[in-house]
Amino acid sequence: MKKLTLPSKITLALILFLPLFFMVAALGTKIGLWGYEIGLSTMTFGAGMWLVGIVGVVAMIALIIALVRKPRSGLAIGIATLGLIVPAVFAAWGASVSGVASANPIHDVATDTANPPEFSKATMAARKESGANPLNDYQTPLGQLEAFAGSSNELKIRSHAQIITKRYAGLSPLPLAGASQADAIAAVAAAMEDMGFSDITSDEKSGRVEGVAETFWYGFKDDVVARVGDAQIDFRSVSRVGRSDLGANAARIEELRGKVEALLGQR
C-alpha cells in the first residue's frame, strides 16, 4: 500500500464504499430508518449516481497517474481499472432501472381489468394506515390521477386497463377446471405461503384470499388478492408506494398463478 499514490488509495476506498452506500440506502429503507423517498430517490438515484460519477473521475485520474508514473505499478493500474468498472456497472444498472420503469408505468395489475378483485376492509385499512397509494378506477385515464400528473401526454390518455391489456397481454385468470372453490382457496393460500407472503387470510364466503409480499431490498410491500369464483380465479397485485412497480406485480401474479395451477393439478 505504501507504493500507491493518494488517488489510488482514494479510488480503492471509494470502490469499497460505493456498494456499501447502496446497501445502506436499501436496507435502511427496509428497517424504517428513513422513508422510501429518501432511500430510493434521494440516496440511490440522487446522491448515489453522483457518487458513481465521482468514483469514475477519481479512478480515471488514478489510472492516468499510474500509467505515467515510473516505474509503473500493476497494482495501481488494476485498482484504477476496477475503479472504472465498478461505477460503470452501477451506472448501467441505474439506466436499466429507468428503462424498466418507463416500460412499466403503473403499480396496480389485475387479470380482470373490467372488474378487478377487491381488497377486504382490513387490507384497505392497513393501506390507509401505511400511507399507501390510493386504488384507482381502471378505466380512468392516468392524466386524471394525481400520481401521474407529471407523465407524458402519451401516457396520460391511457388507462390502467389499456396498459395492462397491452403491456401484460399474457396475464389471464386461472380456470378452476372442475376444482372446488374450497380446494382453490386452499391452493391459493398455500401458494402465497410458499412465496413468502405475510398476513395471509382466506374468506370462503367471499372467495377472497389475501397476502402481503415484501421485497428484500428496500422492503417495499405489495398487497395481493385472489378472487375465487365459480369458474375461475382472478388475481390482483398492488404496490403500496411508488409509481412504477418495475413489472414486479405482473411477474408476481404470473408466479402465483403458476403455483396455484400446479397445486390444483395435484389434487
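**Pockets and a helix pair**

1. Both α1 and α2 give at least two residues to the lining of the second largest pocket (helices are DSSP runs of H or I, at least four residues, and strands of E, at least two, numbered from the N terminus). This is a predicted model, where local features need pLDDT of at least 70, side-chain atom pairs count only at pLDDT 80 or more, and totals for chains, interfaces and linings use all residues. Residues are numbered from 1 along each chain as its sequence is written, and side-chain values use heavy atoms, without hydrogens and water.

2. The volume of the second largest pocket is about 260 Å³ (a pocket is an open set of points on a 1 Å grid over the protein atoms alone, where a 1.4 Å probe fits, with protein on both sides within 12 Å along at least five of seven lines; lining residues have an atom within 4 Å of a point). Y218, G219, F220, K221 and V241 are the closest to its centre among the 14 lining residues.

3. The largest pocket holds about 1,000 Å³ of space (the space filled by probe spheres set on the points, which are joined across faces, edges and corners). It is lined by 37 residues, with L40, V97, F220, S244 and L246 closest to the centre. α3 contributes the most to this lining, eight residues.

4. How do α1 and α2 cross? Their axes come within 9 Å, at roughly 170° (axes are lines fitted to C-alpha atoms, for helices over the stretch in contact, with angles from 0 to 180 degrees between N-to-C directions). The pair is therefore roughly antiparallel (angles over 145 degrees).

How values were computed:
Parallel < 35°, antiparallel > 145°, perpendicular 65-115°, else oblique.
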